[in-house]
Amino acid sequence: MSANGSTMRQLLWQDPVCSGWKQDMEGAVYHLANCFLLLGFMGGSGVYGCFYLFGFLGTGYVCCVMWGWFDACGLDIILWSFLLATACLFQLAHLVYRLRKNTLPEEFDLLYKTLCLPLQVPLQVYKEIVHCCEEQVFTLATEQTYAVEGETPINRLSLLLSGRVRVSQDGQFLHYIFPYQFMDSPEWESLQPSEEGVFQVTLTAETACSYISWPRKSLHLLLSKERYISRLFSALLGYDISEKLYALNDKLFAKFGLRFDIRLPSLYHVLGPAAPDTGPESEKDDEEVRESAMPTSAQQTPPRSPLPAASGPPAPPSRARMSRPDSGVLASRTPLHSYSQVISRGQAPLAPTHTPEL
């Protein structure tokens, strides 16, 4: 303790130990090492910031090893600088390994940036989803069918990555499937995990297509274990089905040229088989039928004098008006199995087929 106290008093109150300063400099290698160390300590955060940091620090410590070997001739300087340079090199190797481990194929990386990154899906969760489809990308040639109506079983869920797929039924075109849309979302939602079924539509590739596919059992197992992934797929599939419904909405027109919205409850009465035709042409036809049904003597009868003003004009004949369902019925959720019928038939599940009591 006395020796340490004397050393501290000597450093604080007495003259410095160095009797004289060296006249020459340490050399260019020493100054170069300090420049690299300065640049290394200016590095930022993140993976690339760590590359910058440890890259310059490792280079600076290598220069310190060279300075200790050629100029300073100090074994301790050489050993410490060598150990620090080795630690930096190991850290760089670890960063390279992490980058290679986290790297995804080009198609899956673009899918993540397009579909999952806007939803702030963690990369680790996305890797579990990709691992479920075994990171395989399938292709379809032009005019090659993905599913055939009434034959192909519903045993997978596929997402289109590139190209365009045509959906048809009985040779009649329904709508297109574009990149980053599910190819069989209505069929997927129409069945329970324990049920089996076949496609009600035919899916044909109009151009060269590529897609990824999840096996039905494997994906159901993943969704049952991971609640976050289950909610994510529920949102994506619901949005995809609504996009297909609105695509079918473009094909629905009234006889007089107006376009209806599938959200309107009155559209059911327009498209229904028993819906009355209230267009101007039908009114004109009804009037012609009434005139032809009138007897000839009644047509030759002279017109009567008008009634007094006090009595007022006669009331027009009342038309039968179909009652509209209340808000509770309209707000009821449509079963998921009806969406496959919606996509295949080109109609929307807008209102129940019975008239509720008011």
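Biologist: Is R164 buried, partly exposed or exposed?

Modeller: R164 counts as partly exposed because its relative accessibility is 30%. Buried means under 20% relative accessible area, exposed over 50%, and partly exposed in between, with a 1.4 Å probe and protein chains only. This is a predicted model, in which local features need pLDDT of at least 70 and side-chain atom pairs count only at pLDDT 80 or more, while totals for chains, interfaces and linings use all residues. Residues are numbered from 1 along each chain as its sequence is written, and side-chain values use heavy atoms, with hydrogens and water left out.

Biologist: Which residue forms a salt bridge with R164?

Modeller: E206 does, with the closest N and O atoms 2.6 Å apart. A salt bridge here is a side-chain nitrogen of Lys or Arg within 4 Å of a carboxyl oxygen of Asp or Glu. The two residues belong to distant parts of the chain, 42 residues apart: E206 is in the loop between β6 and β7 (209–215), and R164 is in the loop between β3 (156–162) and β4. Helices (H or I, at least four residues) and strands (E, at least two) are DSSP runs, numbered from the N terminus.

Biologist: What else does E206 meet in a salt bridge?

Modeller: The side chain of R166 also meets E206, at 3.0 Å from N to O. R166 lies in strand β4, 40 residues from E206, and this pair too links distant parts of the chain.

Biologist: How many salt bridges are there in the whole structure?

Modeller: A search finds 5. One of them joins D240 and K244, whose closest N and O atoms are 2.4 Å apart. Both residues sit in helix α9 (residues 227–249), 4 residues apart, about one turn of the helix. An α-helix has 3.6 residues a turn, so residues three or four places apart point the same way.

Biologist: Are D240 and K244 buried or exposed?

Modeller: Both D240 and K244 are buried. Elsewhere, salt bridges that share partners connect E143, R164, R166 and E206 in one network.

Biologist: Now to β6. Which strands pair with β6?

Modeller: Strand β2 (residues 145–147) pairs with β6 in the antiparallel sense over 2 bridges, and strand β4 (residues 165–169) is antiparallel to β6 over 4 bridges. Two strands pair if DSSP finds at least two bridges between them. T145 stands opposite T204 of β6, and V167 stands opposite L203.

Biologist: Why does T204 count as buried?

Modeller: T204 counts as buried because its relative accessibility is 7%. Leaving aside neighbours within four places in sequence, T204 is in contact, meaning heavy atoms within 4.5 Å, with E143, Q144, T145, R164, V165 and R166.

Biologist: Where does L191 lie?

Modeller: L191 is in the loop between α7 (185–190) and β6. L191 counts as buried because its relative accessibility is 15%. Not counting residues up to four places away in sequence, L191 touches I154, E196, G197 and R216. I154 is 37 residues from L191 in sequence, and their C-alpha atoms are 8.7 Å apart.

Biologist: A change of topic: how far does helix α3 reach?

Modeller: Helix α3 (residues 46–72) has 27 residues and reaches 36 Å from its first C-alpha to its last, close to the 39 Å expected. The expected span is 1.5 Å times one less than the number of residues. The buried residues of α3 include L57, Y61 and W67, and their cover includes α2 (28–40) and α4 (75–102).
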